[in-house]
Amino acid sequence: CHTSGMLTPNGKEYAQKIPREELTHLILKLLQAWKEPLSHFNQHIEHHQELPDDSLSKAKQISNMVHELKTGVEKSMGIISNSLNGMASSESTGLSISNEANMMSDSDFIHCFRRDSNKVQSYLKILKCRIMPENSC
Amino acid sequence: MRQRFISSVQIILQLALTTTGLTGQSYPGKPKIIRCRSLEKETFSCWWKPGSDGGLPNNYTLFYSKDSEEKIYECPDYLTSGPNSCYFDKNHTNLWTTYIITVMATNEIGSNSSDPQHVDIASIVQPDAPVNLSLETKTSGSMTHLWAEWSPPPLADVNSNSHAYHYELRLKPEEKEEWETVSVGMQTHCEVTRLQAGKKYVVQVRCMLDLGEWSEWSSERRIQIPDRRSPPQKPTIIKCRSPEKETFTCWWKPAPDGGYSINHTLLYSKEGEEKVYECPDYKTAGPNSCYFDKKHTSFWTIYNITVRATNEMGSNVSDPHYVDVTYIVQPDPPVNITLELKKSINRKPYLVLTWSPPPLADVRSGWLTLDYELRLKPEEGEEWETLFVGQQTQCKLFSLNPGKRYVLQIHCKADHHGLWSEWSPEMNIQIPTDYRVKDMVVWIIVGVLSSLICLVMSWTMILKGYRMMAFILPPVPGPKIKGIDTHLLETGKSEELLSALGCHGFPPTSDCEELLIEYLEVEDSEDQQLMPSHETPSKNTKTVLKETESDAGRGSCDSPSLPVVKRREPRGLPSALQAQDARAVQENKGARARRETRCKASEQKTLPFNGESAKPCTWLAAQLPSNQPAMFGYHSTMEAFQITLNTTNANIPPFLVGNEENHQSLYPIAETVYDDMESESEMEYFKADQAIAQVTQTRRNDKSPFFNPKLMDYVEVHKVRPEEEPRLLLKDKDYSENTKNHTVPRTSKEYTQVSTFADPKVLVLAQDARAQQAPVSQEPVTETPQNPEPAQAEKNTDYYTTSPSDSSRDDSGSDYMDPSSFMPSFK
């Protein structure tokens with residue numbers, strides 16, 4: 001996966017140790033990293049005749065959701081996008097990442113995306129329970 | 001029969017074929033029944049092979065008959081067993097009958113049928129082969145046994161009775177040709193010993209029912225018998241699981257060891273790394289397992305896990321197993337499940353269920369999110385009701401039936417995509433029935449009230465059933481006659497009734513015997529019998545009685561025993577009659593007309609007496625022994641007759657004593673009169689009593705009538721013509737012997753009126769003064785009175801006695817009075 005290079009906690013303890021802001025950044029970074037490849041992927045699979053129609057619409061839906069999630073996280077965390085210094089540098093890495101992403105096969109692409117979305121989900125859950133512990137935590 | 005027909009059809013078709021063979025299309029070729037088979041003795045199928053199709057689409061029909069019955073049936077199911085088949089289900093399969101089966105192929109041109117096949121179900125039974133054959137080697141000590149297990153063949157009808165199969169197993173070493181067969185009996189498992197170590201065996205199994213053939217052999221299964229002299233076989237990894245998304249465990253199945261030791265090691269490597277690690281913990285999770293603790297668990301990385309089996313001779317590695325821990329999370333079932341029954345506002349109970357997540361799962365930090373699902377069913381129910389609850393740890397159940405026991409279970413799943421846990425242990429809860437005192441009281445009251453009402457209703461029905469019925473369904477009223485009360489008639493209070501009509505003294509009093517004696521006296525004075533034998537009158541009376549009683553309640557017109565004066569009489573008549581009669585009675589008290597009474601006349605008390613016409617009164621009066629009523633009767637009769645004659649011409653006078661055409665008995669009189677106006681004739685039996693000669697006259701006649709028993713002669717009946725007044729001709733005895741040429745018999749007298757009824761058997765006729773000289777055509781007397789009775793004849797009135805004649809009927813026929821016997825005055 002093109003995001004394998006990112007240092008992400010791969011355990012509960014590690015994730016709990018990271019301070020909130022850093023975790024948030026990580027989430028956003030991940031989301032950002034997938035923005036480009038997703039749109040590219042959508043374009044790519046539109047030409048695939050053998051895929052059923054609802055796969056195409058689902059893929060589009062997913063990329064929209066990712067975008068919305070990113071926006072939502074930004075807003076809820078009160079982060080202004082340009083305050084993320086790391087974003088600029090990640091832009092460049094993002095380019096290389098996206099290049100890498102283009103070379104993946106479809107199944108690998110989907111596999112990686114699944115993993116990263118799971119990561120994002122887990123981190124967000126931890127964040128949620130840290131910020132608002134009373135809601136089913 | 002049908003088959004002969006079919007064969008004849010075939011012949012015809014073959015002839016047709018020769019003429020149509022050039023077209024390229026012909027009737028179909030002969031199909032052939034390939035096989036018939038029953039799987040379990042309850043159903044069977046037959047398959048056929050079509051012949052040539054003759055160029056046209058063919059239709060196949062299968063006909064069969066049973067044993068030697070003539071009736072031919074058609075295949076019930078062409079589909080179940082596939083194309084060109086016929087399936088006979090349970091209802092059509094009879095084990096002990098022989099089926100004669102024929103397949104007929106039909107196309108547009110013609111048809112062709114196969115040779116008949118005789119099928120005996122018992123002989124075609126062959127089950128399918130057993131399935132799910134599994135093999136294991138079991139080592140005990142130094143011995144290795146083969147443990148084989150299988151399942152019976154599956155049947156289409158799952159509900160059919162489990163059949164008792166006999167099994168047979170065969171095995172051989174892979175390289176050999178000869179099979180070793182083991183008879184298993186009825187079990188579905190078998191243990192085989194005496195195996196050669198190190199060899200690979202091939203195993204098969206088959207089955208049979210108690211009759212029929214063996215099934216085919218099942219598919220082959222191979223097993224390697226472990227041997228210390230060879231490297232171990234391959235172990236296999238069964239599964240890897242993480243209970244809380246922090247650690248995970250893997251289990252494997254060891255290579256069969258055959259008694260000697262094999263060492264197993266688990267090796268793994270992570271995604272992106274080359275390094276191979278060995279399992280950190282073989283113990284924690286039990287034998288043949290590896291436990292990865294927190295430190296060794298990484299998420300979002302794929303593990304490559306293998307197990308190696310090693311023995312002295314070598315080693316063997318299992319197939320690799322790839323696993324990402326995030327996707328193998330299967331939590332433990334929830335714990336601390338509590339059930340609480342609460343009552344809601346309207347007293348309906350509901351269930352509050354609470355539970356806790358499994359202890360290991362860390363939901364607090366949000367690392368793991370659990371979704372719960374619960375299911376419940378009534379204790380005796382079959383199907384579970386599943387409810388997805390989500391992430392909450394409590395639930396309220398409202399739709400539970402009071403009084404029932406329920407069984408509940410909960411399980412959970414991690415992260416929306418993990419694996420469901422096991423179900424928690426079953427929880428039982430009894431919903432209490434809701435007894436409200438108020439409800440019970442209401443029901444009790446309702447029940448008591450309704451039972452009371454039922455009782456009351458049934459009692460009223462029993463006691464006053466008739467009245468109720470009459471109230472609900474009023475009876476159709478009979479015809480009402482003014483002045484006559486039908487109820488009086490029914491109840492037999494004839495005194496009241498008669499008094500209403502002006503008659504009284506009826507029924508006759510008890511001086512019956514006295515009168516009878518008198519009667520006998522009279523008889524002696526005459527040759528002729530005064531009265532017919534006792535039998536006949538009694539008979540008559542009896543019959544009269546019978547008839548009259550049967551007519552109780554009806555109008556007297558219906559009574560055959562009553563003289564039919566006139567069939568339809570104006571209603572006003574009875575009353576007039578009554579008035580007259582009353583007067584007559586007053587006037588003629590002195591007149592004594594004793595008449596012979598039949599002792600049995602008293603039985604006639606119950607004669608129905610209603611004044612439909614004047615007849616009843618008159619006739620009944622005729623029966624009376626006592627004088628006064630007799631008087632009355634005569635009067636009324638005469639008057640009635642007079643009135644009758646005057647008023648209606650269409651009616652026949654009552655004294656018509658006989659008719660050529662009709663020999664009417666007394667009893668059918670009523671019917672005949674009513675049925676046929678023209679042919680009315682009456683029978684009346686009057687007993688003439690000499691002593692009763694006196695009959696007071698009506699206003700017309702003041703002479704006292706008297707009886708002359710000698711005056712018996714035939715009376716001619718003048719034919720009644722509507723335009724004429726009916727009249728009775730009294731013929732002289734002498735005259736009758738003479739010629740018929742006399743048109744005007746000097747002694748002939750015309751009697752057109754009945755003055756009175758002297759007796760039940762005596763009719764007093766009155767001459768019509770004006771008609772006296774009129775010539776009258778004579779008509780032959782139809783009957784001879786058998787027992788002409790003496791009657792006293794008066795100057796103008798004659799008594800005529802009717803007597804029973806020996807008609808063919810059981811009832812006495814119409815009688816004539818012989819006026820000659822009482823016509824002395826005329827001579």
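**Disulfides and buried cysteines**

Me: Is Cys279(B) buried or exposed, and at what relative accessibility?
Reply: Buried means under 20% relative accessible area, exposed over 50%, partly exposed in between (1.4 Å probe, protein chains only). Cys279(B) therefore counts as buried, its relative accessibility being 7%.

Me: What kind of model is this?
Reply: Local features need pLDDT of at least 70, side-chain atom pairs count only at pLDDT 80 or more, totals for chains, interfaces and linings use all residues, and the model is predicted. Residues are numbered from 1 along each chain as its sequence is written, chains are lettered from A and ligands numbered from 1 in the order in which they are written, and side-chain values use heavy atoms, leaving out hydrogens and water.

Me: How many disulfides does a search of the whole structure find?
Reply: A disulfide here is a pair of cysteine sulfur atoms within 2.5 Å. Over all chains, the search finds four.

Me: Which cysteine forms a disulfide with Cys279(B)?
Reply: The torsion about the S-S bond is about 115°, so this disulfide of Cys279(B) is right-handed. The two sulfur atoms are 1.8 Å apart, and the partner is Cys290(B).

Me: Where does Cys46(B) lie?
Reply: Cys46(B) forms a disulfide with Cys36(B). Strands (E, at least two residues) are DSSP runs, numbered from the N terminus. Cys36(B) lies in strand 1 (residues 32-38) of chain B, and Cys46(B) in strand 2 (residues 44-49) of chain B.

Me: What is the S to S distance between Cys240(B) and Cys250(B)?
Reply: Both Cys240(B) and Cys250(B) are buried. Their link is right-handed, with 105° about the S-S bond. The S to S distance is 1.7 Å.

Technical notes
Helix = DSSP H or I, 4+ residues; strand = E, 2+ residues; numbered from the N terminus.
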